[in-house]
Amino acid sequence: MDAVHTISDFQHKIDSDLNIEPKDVMPDKYRTHLIRQMSQHAHSEVIGMQPEGNWITRAPSLRAKQILLAKIQDEGGHGLYLYSATETLGISRDELIQQLHEGKAKYSNIFNYPALTWADIGAIGWLVDGAAIVNQVSLQRTSYGPYARAMFRICKEESFHQRQGYEIMANMMKGTAAQREMAQDAMNRWWWPSLMMFGPHDSDSPHTGDAFQYKIKRKSNDELRQKFIDKTVQQAEVIGLTIPDPSLKWNEEKESYDHGEINWDEFKSVISGNGPCNKQRMDHHIKYHQEGAWVREAVNAYAQRTQRAEAN
Ligand code: BYC
């Protein structure tokens, strides 16, 4: 189908499972929903570099350091694709960053927890990237073309990240008693916040209705969370880690795991700015954004000079 010129063309494209593209006419509600979700996604990728960046100088081997550096660089790249994709909706990168700094835009709850030990780097790669993949594979079928296409590339890189985290955890579980204890401690601290990454239960999720109507979401928060739990419990068992949930139990009938209740008070507190590292993450971002102003000015000046030279 050619470019969309009317709202009824838009609906026809949505109904036919075709991607909406930047120049298509779209309802304001669709545009603002996407700007909110995609910018939060971009901010999460970039803020997510901080807990891991903290370990680059302390990685236990040169190999581990190289892999971690490459992973963190990938996350920065994901942020850039997502900011560019969001800009196609008619908002500038400056405005998006300003919304983040003013607390008007959120980023994932998970990056407000500290990475205390090397095992936390394993847990982040395995659980956090693992949860992100489950969510993002489903977003490969989201209705907005630039977002869906960004997801394809991001998912390929995230699979590598998930494996690097699992490898760290598997190696630690083959190590000394102290290493095994460290891995289990990281598992205990990261498990529940990872489940919170999928957002509130469907019954408490205000955006899910519109997200399904516009085919922005293809699977609900609870469906994706369940998928992640079912796949991850088995991976934990293989390397001898215990999931810190006494209520976790295989349900024959549902062919999936029943799990304990998530602490939604903690989730609400963290996403409202009161998690253990919210202030630290934001202060860090603001400081380096301000210090980088001269780079942005130089890039703009160079682009203007090149444009002038080409025009002459
Ligand atoms: N954290 O109606 P709901 C990565 C908010 S980074 C914070 O269910 P929706 C990585 C939600 O925004 C990958 N806030 O919302 C990077 C809303 O508040 P607002 C990150 C959350 O949008 C570096 C309210 O709660 N992935 O992998 O339908 C290193 C009600 O929620 C969260 C993405 O960003 C949360 N977890 O569904 C390592 C995925 N959950 O906006 C790894 C893209 C909910 O009204 N995003 N809230 O103020 C999505 O798929 C959806 O936005 C969500 C939430 C499933 C997260």
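These legends accompany close-up views of a predicted model.

**View 1. The largest pocket and its centre.** The largest pocket of this predicted model has a volume of about 1,200 Å³. Its lining comprises 49 residues. Nearest the centre lie Gln-40, Ser-108, Met-197, Phe-198 and Gly-199. By residue class, the lining divides into 19 nonpolar, 16 polar and 14 charged.

**View 2. Helices around the largest pocket.** Six helices are labelled here: α2 (28-47), α4 (62-87), α6 (118-139), α7 (145-173), α10 (221-239) and α11 (264-274). Each supplies at least two residues of the lining of the largest pocket. Which helix gives the largest share of this lining? Helix α6 does, with nine residues.

**View 3. The second largest pocket and its centre.** About 620 Å³ of space lies in the second largest pocket. This pocket is lined by 24 residues. Val-46, Met-49, Gln-50, His-284 and His-285 are the closest to its centre. The lining of the second largest pocket splits into eleven nonpolar, nine polar and four charged residues.

**View 4. Helices around the second largest pocket.** At least two lining residues of the second largest pocket come from each of α3 (49-53), α4, α5 (93-101) and α12 (278-291). The most come from α12, which gives six residues. Helix α4 also supplies at least two residues of the lining of the largest pocket.

**View 5. A nonpolar patch on the surface.** Trp-294, Val-295 and Val-299 form this patch. Together they have about 330 Å² of accessible area. Val-295 lies in helix α13, residues 293-311. Is Val-295 buried or partly exposed? Val-295 counts as partly exposed because its relative accessibility is 37%, and that class runs between the 20% limit for buried and the 50% limit for exposed.

**View 6. Ile-72 in helix α4.** Ile-72 is found in helix α4. Its relative accessibility is 6%, so Ile-72 counts as buried; the cut-off for buried is under 20%. How far apart are Ile-72 and Ser-92 in sequence and in space? The two are 20 residues apart in sequence. In space, they are 24 Å apart, C-alpha to C-alpha.

Notes
Residues are numbered from 1 along each chain as its sequence is written. This is a predicted model: local features need pLDDT of at least 70, side-chain atom pairs count only at pLDDT 80 or more; totals for chains, interfaces and linings use all residues. Side-chain values use heavy atoms; hydrogens and water are left out. On a 1 Å grid over the protein atoms alone, a cavity is a set of points where a 1.4 Å probe fits but cannot get out, and a pocket is an open set with protein on both sides within 12 Å along at least five of seven lines; lining residues have an atom within 4 Å of a point. Grid points are joined across faces, edges and corners, and a volume is the space filled by probe spheres set on the points. Helices (H or I, at least four residues) and strands (E, at least two) are DSSP runs, numbered from the N terminus. Ala, Val, Leu, Ile, Met, Phe, Trp, Tyr, Cys and Pro count as nonpolar, Asp, Glu, Lys and Arg as charged, and the others, Gly among them, as polar. Patches are made of residues with over 30% relative accessible area and no salt bridge: like charges are joined within 9 Å, nonpolar side chains (Val, Leu, Ile, Met, Phe, Trp, Tyr) within 5 Å. Accessible areas come from the Shrake-Rupley method with a 1.4 Å probe; for residues, only the protein chains shown count as cover. A salt bridge is a side-chain nitrogen of Lys or Arg within 4 Å of a carboxyl oxygen of Asp or Glu. Buried means under 20% relative accessible area, exposed over 50%, partly exposed in between (1.4 Å probe, protein chains only).
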